Amino acid sequence: MLLLGLAIAPGIAIVLFIYFKDSYDKEPWRYLLASFFLGALSVIPPLLFQIVVPEKFDGLFAEKSWSYYAFQAFAMVAFSEELSKFIMVRYFAFRKPAFNEPFDGIVYSVIVSMGFATVENIGYVMQHGFATAILRMFLSVPAHASFGVIMGFHIGLAKFSTQPLQHFLKGLLLAILFHGCYDYFLFLLESKEVTRYVSEGLLVLGALLSYFIAIRVSLRSIREGRRLKETHLQID
């Protein structure tokens with residue numbers, strides 16, 4: 001039960017944090033709960049994608065090469081996971097009348113991301129134990145939240161823009177970029193070919209740098225999203 005609690009707690013804490021950042025005209029709880037549940041379900045398409053697609057690319061990359069891990073991080077993981085979360089926000093919350101200000105994009109995207117991250121976290125923590133729970137509490141789960149903020153900020157802009165497609169694409173691509181960079185450095189730790197030339201410490205530093213940049217961008221997006229709550233300008 002302790003491990004399960006540690007797996008669930010970070011996602012719930014971030015949900016509450018972003019909920020209270022939405023200082024007025026808060027979203028209906030039924031939509032927030034539905035978004036969290038959809039986020040949990042959004043684990044399934046990437047999982048299927050990551051099982052089926054690699055078979056189509058056997059032999060394309062040298063095993064354990066730099067390019068192999070880049071493909072794994074950006075195409076297999078970041079693309080499939082962020083796209084799945086994006087679809088849940090775009091085709092559920094985005095269509096609701098309650099989605100009536102740019103900051104709502106951040107709220108719903110983070111809620112969906114935390115549904116996803118909580119299910120993922122339960123799997124990792126129950127398999128690997130206490131140390132993994134603590135590590136992911138301060139890194140992986142907040143990282144998913146930051147990707148959600150960045151994507152959600154642009155989904156919110158799309159709602160009130162005359163050119164929504166460019167905001168959708170920008171949000172999705174930025175989330176994939178930050179997610180992919182974070183995973184790429186961590187994946188490279190598995191390669192003896194890579195660690196022969198680059199120290200594990202430098203690879204961890206690269207992952208942490210990607211993480212901190214994503215956090216900074218997400219905090220700036222939250223500030224800008226809250227500022228936009230107070231305006232009624234058309235966004236282009």
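**Aromatic rings and pockets**

Guide: Ring pairs join F86, F94, F99, Y108 and F168 into a cluster. Keep in mind that this is a predicted model.

Visitor: How many aromatic pairs does the structure hold?

Guide: Rings count as a pair if their centres lie within 6.5 Å. By that rule, the total for the structure is 13.

Visitor: What kind of aromatic pair do F74 and Y184 form?

Guide: Their ring centres are 6.2 Å apart, with 50 degrees between the planes. Planes under 30 degrees apart count as stacked and over 60 as edge-to-face, so the rest are tilted. The pair of F74 and Y184 is therefore neither stacked nor edge-to-face but tilted.

Visitor: Which helices does that pair link?

Guide: F74 and Y184 are 110 residues apart, so the pair links distant parts of the chain. The helices concerned are α4, which holds F74, and α8, which holds Y184.

Visitor: Is Y184 buried or exposed?

Guide: Buried means under 20% relative accessible area. F74, at 26%, is over that limit and counts as partly exposed. Y184 has 16% relative accessibility, so Y184 is buried.

Visitor: What kind of aromatic pair do Y211 and F212 form?

Guide: Y211 is buried at 9% relative accessibility, whereas F212 is partly exposed at 49%. Their ring centres are 5.2 Å apart and their planes 70 degrees apart. Because an angle over 60 degrees puts a pair in that class, the pair of Y211 and F212 is edge-to-face.

Visitor: Which residue lies over the face of Y19?

Guide: A charge sits over a ring if NZ of Lys or CZ of Arg is within 6 Å of the ring centre and within 35 degrees of the ring normal. R30 has its charged end over the ring of Y31, 4.7 Å from the centre. Over Y19, at 4.5 Å from the ring centre, lies K26.

Visitor: Which residues are closest to the centre of the largest pocket?

Guide: The largest pocket holds about 860 Å³ of space. Its lining has 32 residues, and those closest to the centre are Y124, R136, S140, D183 and F187.

Visitor: How many residues of that lining are charged?

Guide: Helices α3, α4, α5, α6, α7, α8 and α10 each supply at least two residues of the lining of the largest pocket. By class, the lining has 19 nonpolar and seven polar residues, and the charged ones number six.

Visitor: Which element gives the most to the lining of the second largest pocket?

Guide: The second largest pocket has about 240 Å³ of space. Its lining comes to 13 residues, with I14, F17, A145, I215 and L219 nearest the centre. Elements that give two or more residues are α1, α7 and α10. With five residues, the one that gives the most is α10.

Visitor: How many charged residues are in the lining of the second largest pocket?

Guide: The lining divides into 11 nonpolar and two polar residues.

Visitor: Which residues is G156 in contact with, apart from its neighbours within four places in sequence?

Guide: G156 lies in helix α7, residues 140-159. G156 is buried, because its relative accessibility is 0%. I215 lies 59 residues from G156 in sequence and 18 Å away, C-alpha to C-alpha. Apart from those sequence neighbours, the contacts of G156 are F99, P102 and G105.

Note on methods: Residues are numbered from 1 along each chain as its sequence is written. This is a predicted model: local features need pLDDT of at least 70, side-chain atom pairs count only at pLDDT 80 or more; totals for chains, interfaces and linings use all residues. Side-chain values use heavy atoms; hydrogens and water are left out. Helices (H or I, at least four residues) and strands (E, at least two) are DSSP runs, numbered from the N terminus. Buried means under 20% relative accessible area, exposed over 50%, partly exposed in between (1.4 Å probe, protein chains only). Contact means heavy atoms within 4.5 Å. On a 1 Å grid over the protein atoms alone, a cavity is a set of points where a 1.4 Å probe fits but cannot get out, and a pocket is an open set with protein on both sides within 12 Å along at least five of seven lines; lining residues have an atom within 4 Å of a point. Grid points are joined across faces, edges and corners, and a volume is the space filled by probe spheres set on the points. Ala, Val, Leu, Ile, Met, Phe, Trp, Tyr, Cys and Pro count as nonpolar, Asp, Glu, Lys and Arg as charged, and the others, Gly among them, as polar. Rings of Phe, Tyr and Trp (its six-membered ring) pair if their centres lie within 6.5 Å; planes under 30 degrees apart count as stacked, over 60 as edge-to-face and the rest as tilted.
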